[in-house]
Amino acid sequence: MARGDEGGENMIKIYTLGGYEEVGKNMTAVEYEGEVVIIDMGIRLDRVLIHEDVEFQKMSSKDLRKLGAIPDDRPIRDKKVVAIALSHGHLDHIGAVGKLAPHYPDVPIYGTPYTIRLAKSEIKGEEYFEVTNPLYETNYGEIVQVSENLAIEFVQVTHSIPHSSIVVIHTPEGAVVYACDYKFDNNHPYGEKPDYKRLKELGKEGVKVLIAESTRVAEETKTPSEAVAKMLLEDFFLYEGMEADGLIATTFASHIARLQELIEIANKMGRQAIFIGRSLAKYTGIAKQLGLIKMKGSRVLRSPNAVSKVLKEVSQARENYLLIVTGHQGEPGAILTRMANGELYDIGPRDTVVFSAGVIPNPLNIAQRYALETKLKMRGVRMIKDLHVSGHASKEDHRYLIRMLNPEYIVPAHGEFRMLTHYAELAEEEGYRIGKDVFISRNGHIVEII
């Protein structure tokens, strides 16, 4: 294997377009014999949010690229792109579909059902481009032939959003496996399981390249199951000594399993779960269509009028409700942020706010979350933090994946340079060598596999 070689006939090229020196705006392209499959088209939200007047849906891809908010796909613009594959529905993987897919008109987009429906929602809100790409819902285990030499497969894996997948690009030279994002959850409360059988089969069939996320690889553990988060939440909410008036929980709107746990807890407490926030309405609405969440006993508020009316009712009888709101990162305009600013609801000493989410580790999120917590403290709110487990693989999850797949080459992804380097160090523990069969890349570069 060599980087920068003048390639041969059977070369595989990995275009590392986004997410290779940062956490966010993930995009990778795999080329074989002049044909390209793109994997993911994500955004980096903090680069958008830091500008107060930015209206993402109305902006051109050129302007967003200058902000560093979406990947620079110019290295593959003139290539023969035969398919776009989406690994899962988080915005750092699908949020730029409306901006970048139009560069490849009519090229089909594939993904699992929840992922594709979320992508359609993003496209529906697009105001600058017309998106003509057909979108296809693809089931786990289905191998889609997208050209004579290339096929796509989605392998089931667990993450913090339903229908997450490890994307496999089958080539005559072996498989290119894209594992961004995942963890190995063996005790998921709602039955989701990684497809170990298929992953082991791929290892026997031959994996040419593994492209793997590196976000939490430095943590020398195995990422805990979602069952642990469920237990943490139940341990706090469901005990005899619980004396709380107003209860407010916040988590990722896309974390359907966590939202299901909160609904069940509310029902056990004899409270009504009320979802407040546009993103919560969107993600739960699509999940309900697909039978991925049971909303029994809960309400979802969509219109500003409904939010104002219901919160007035809630404030008079706090003990009857569990509010589930947006704003766990302190995002401007989110419901919890507005409450902390004195809007919508008179939040104060009678209320407990439960954060069932970690702080996304970038300076903007850290600053916004700090401001939110400070405002809540000033209002006398009781705060409970870190009732949460990550959806990202830690070191031992990654080690197991390497051993199952036994790839010839590894390209760490989805992380800052220090994260990519930590993954390379793990690969060296497993017998690989940096510069020989492990390659740390950066945005806009090409890794060539001969």
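View 1. Glu430 lies in the loop that runs between helix H14 (417–429) and strand E19 (445–449); helices (H or I, at least four residues) and strands (E, at least two) are DSSP runs numbered from the N terminus. This is a predicted model, in which local features need pLDDT of at least 70 and side-chain atom pairs count only at pLDDT 80 or more, while totals for chains, interfaces and linings use all residues. Residues are numbered from 1 along each chain as its sequence is written, and side-chain values use heavy atoms, with hydrogens and water left out. Apart from its neighbours within four places in sequence, Glu430 is in contact (heavy atoms within 4.5 Å) with Arg399, Ile402 and Arg403. With the side chain of Arg403, the side chain of Glu430 makes a polar contact at 2.8 Å. A polar contact is a pair of N or O atoms within 3.5 Å; within protein, one must be able to donate a hydrogen and the other to accept it, and residues adjacent in sequence count only if both atoms are side-chain atoms. The C-alpha atoms of Glu430 and Ser279 are separated by 41 Å, and these residues are 151 residues apart along the chain.

**View 2. The two domains of the protein.** The domain assignment gives domain 1 (12–222 + 392–449) and domain 2 (226–384), with bounds that come from an automatic or database domain assignment. Between the C-alpha centres of domain 1 and domain 2 there are 30 Å. In the protein there are 14 helices and 19 strands.

**View 3. Where domain 1 touches domain 2.** Contacts join 23 residues of domain 1 to 20 residues of domain 2. About 1,800 Å² is buried between domain 1 and domain 2, and carbon and sulfur atoms give 65% of this area; buried area is the accessible area (1.4 Å probe) that two parts lose on being put together, summed over both. Tyr114, Arg117 and Tyr190 supply 31% of the area that domain 1 buries against domain 2, more than any other three residues.

View 4. Between domain 1 and domain 2, seven residue pairs are in polar contact, both residues being at pLDDT 80 or more. On the side of domain 1 that touches domain 2, helix H1 (45–49) and helix H5 (113–124) each supply at least two residues. The largest share of that side, six residues, comes from H5. One salt bridge is counted between domain 1 and domain 2, where a salt bridge is a side-chain nitrogen of Lys or Arg within 4 Å of a carboxyl oxygen of Asp or Glu. Glu122 forms a salt bridge with Lys282, and their closest N and O atoms are 2.9 Å apart.

View 5. The structure holds 34 salt bridges. Glu35 and Lys80 form a salt bridge whose closest N and O atoms are 3.5 Å apart. This pair links distant parts of the chain, 45 residues apart: Glu35 belongs to strand E3 (residues 35–39) and Lys80 to strand E4 (residues 80–85).

**View 6. Backbone details in two loops.** Cys180 and Asp181 are joined by a cis peptide bond with omega of about 10 degrees. Asp181 is placed in the loop between strand E10 (174–179) and helix H6 (196–205). Lys25 has phi near 40 degrees, a positive value in a residue other than glycine. The loop that holds Lys25 runs between strand E1 (12–18) and strand E2 (27–32).
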